[in-house]
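Visitor: I'd like a close look at one part of this model, with its surroundings and the cut-offs behind each term. Could you take me through it?

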Amino acid sequence: MTTWKRIRHHLTRKTRRTTGRHGAAALGLACVMVVFTAAPGSAGSGGPPAAPDPYFPLAGNQGYDVDHYDLDLDFTPATDLLVARAAIKAEARRDLTRFTLDFSGPAVERVVVDGRSAAFSRDGQELTIVPAGKIRAGRDFTVTVWYRGTAAPIDDPALGVYGWINTDDGAVALNEPDGARSWYPVNDDVRDKATYTFRITAPAGLTALANGEPQGKPRTVGDRTTAVWSMRKPMSSYLSMVAIGRFTVTDGRVGRLPNITAYDPTGDGDDAALHRTTADAVRWGQERIGRYPFDSTGGIIDRIDVGYALETQARPVYDGEPDEATIVHEIAHQWYGNSVTPKTWADLWLNEGFATYAEWLWQEERGGPTAQSVFDQLWATPATDDFWHLKTADPGRGELFNYNAVYLRGAMALHALRTTIGDRDFFTLLKVWADKYRYDNADTRDLMNLARAISHDNVKPLFDAWLYTAAKPATPQG
């Protein structure tokens, strides 16, 4: 559905979004970096780890900085067998005698730290590693993990299906929020970004895609083909992606920027509209927001049966052919969410509110409903409606992808800010926010302080009313 149809759907049905996850197509929608940290309470940890994310307390910590993930993945769709090696380069922040990685994937066969065998154990989603010798604070080290078996998705009653998902001709990995651990050892902390190399081997005749750019042409030896992809810009682990299957690939350019799109030819339609609209959305974003943050763009259409699209870095994945609004939404995420990433999951509205508002601006500039008219229609929702019953900036883990609170009210908060500080300062804010925190993490307070610095207005009451109150604001401007 288009944005306007989705708004009318809300107004007539008054339903909360409870399925799917991302973006713009329907109401139901919505390489590798690892940070190693000492296990809580472990000897040699140098003190307790940094505070975990309140929504995902078992995921990662800040005891180490990961610089690069090198993933070697060999996948056979006929048996769903994944044979893999993950080499992770990191820097110790404190002395370590043991540390943990997030991993709930296939059986681990061997672990090596700096060329020496290391002891390891698993407990739930945690892989604990004991190196042969202490790793001193400030030292670079490399951990290599070999594993083999069947990877399975995470099926969360509140968050849906995500992680490694086997398809009828291959597999797709969609990680938001904590699904990376289903297919590689990782520090699933949004605050730790790293670069990635993906080396993907599959039966000849299949295509393997990932984040970033291809490194040469795929190489076939016997009946197996290996493709190598590299993401050279920092990436949070939830944005990493692979797609393996039968795809038709289109290579193009947006200026000098490679535009690589692909689609499953056994599905409906093709990727002509995806390729064209992706290019248009990137050009529009460069005009409205600033320099595109990555070295390529594109998108992938597959038959996944999850009911959502996901803004995986530089190359979003769509479950079926997307409409224009969905593509605009996911491309806007390349600036808002992928390059500028929240510090915690409670601030997901910084991703979804900005991407949803990008849809409103896009249609406003193309003769569709104005952002003000969309806002007005939503504002007319009675204060007693469930539409207003959650905090936008902290909806709770189970409501992380609540469409009303996080997406629509996030966009409404931005429009309220626009009408308060004026178009000149607001559109300056859109650009400065993307530039100031490029490849970094930021939170709602950072946005509020930046808006105040640009506009010289006291915007705190507006932020409090629109983002931190589970109720309809007293006025449209909070």
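**Inside the second largest cavity**

Guide: Helix H2 (272-288) and helix H4 (349-364) each bring at least two residues to the lining of the second largest cavity. Helices here are DSSP runs of H or I with at least four residues, strands are runs of E with at least two, and both are numbered from the N terminus. The model is predicted, with local features needing pLDDT of at least 70 and side-chain atom pairs pLDDT 80 or more, while totals for chains, interfaces and linings use all residues. Residues are numbered from 1 along each chain as its sequence is written, and side-chain values rest on heavy atoms, without hydrogens and water.

The space in this second largest cavity is about 60 Å³. On a 1 Å grid over the protein atoms alone, a cavity is a set of points where a 1.4 Å probe fits but cannot get out, a pocket is an open set with protein on both sides within 12 Å along at least five of seven lines, and lining residues have an atom within 4 Å of a point. Its lining consists of Trp284, Arg288, Ile289, Tyr336, Phe354, Tyr357, Ala358, Leu361, Leu414 and Leu430. With four residues, H4 gives the most to that lining. By class, nine of the lining residues are nonpolar, none is polar and one is charged (Ala, Val, Leu, Ile, Met, Phe, Trp, Tyr, Cys and Pro are nonpolar, Asp, Glu, Lys and Arg charged, the others, Gly among them, polar).

Let's stay with H4 for a moment. Asn351 lies in this helix, and its relative accessibility is 0%, so it counts as buried (buried is under 20% relative accessible area, exposed over 50%, partly exposed in between, with a 1.4 Å probe and protein chains only). Leaving out residues up to four places away in sequence, Asn351 touches Tyr238, Glu311, His333, Tyr336, Gly337, Val340 and Pro342, a contact being heavy atoms within 4.5 Å.

For comparison, the largest cavity holds about 110 Å³ of space. Among its 15 lining residues, Ala59, Asp188, Asp189, Val190 and Trp345 are the closest to its centre. That lining divides into seven nonpolar, two polar and six charged residues.

The largest pocket holds about 400 Å³ of space. It is lined by 19 residues, and Pro214, Gly216, Pro218, Trp229 and Val249 lie nearest its centre. Two or more lining residues come from each of strand E13 (207-210), strand E16 (224-235), strand E18 (248-254) and strand E19 (257-263). Here the classes are 12 nonpolar, four polar and three charged.

Most residues other than glycine have a negative phi, and most peptide bonds are trans. The bond from Glu176 to Pro177 is cis, with omega near 5°, and Pro177 sits in the loop between strand E11 (171-174) and strand E12 (194-203). Tyr439 has a positive phi, near 65°, in the loop between helix H7 (423-436) and strand E23 (441-442); its relative accessible area of 22% makes it partly exposed. His456, also not a glycine, has a positive phi of about 65°. His456 belongs to the loop between helix H8 (444-455) and helix H9 (460-467), and is exposed at 70% relative accessible area.

How values were computed
Points joined across faces, edges and corners; volume = space filled by probe spheres on them.
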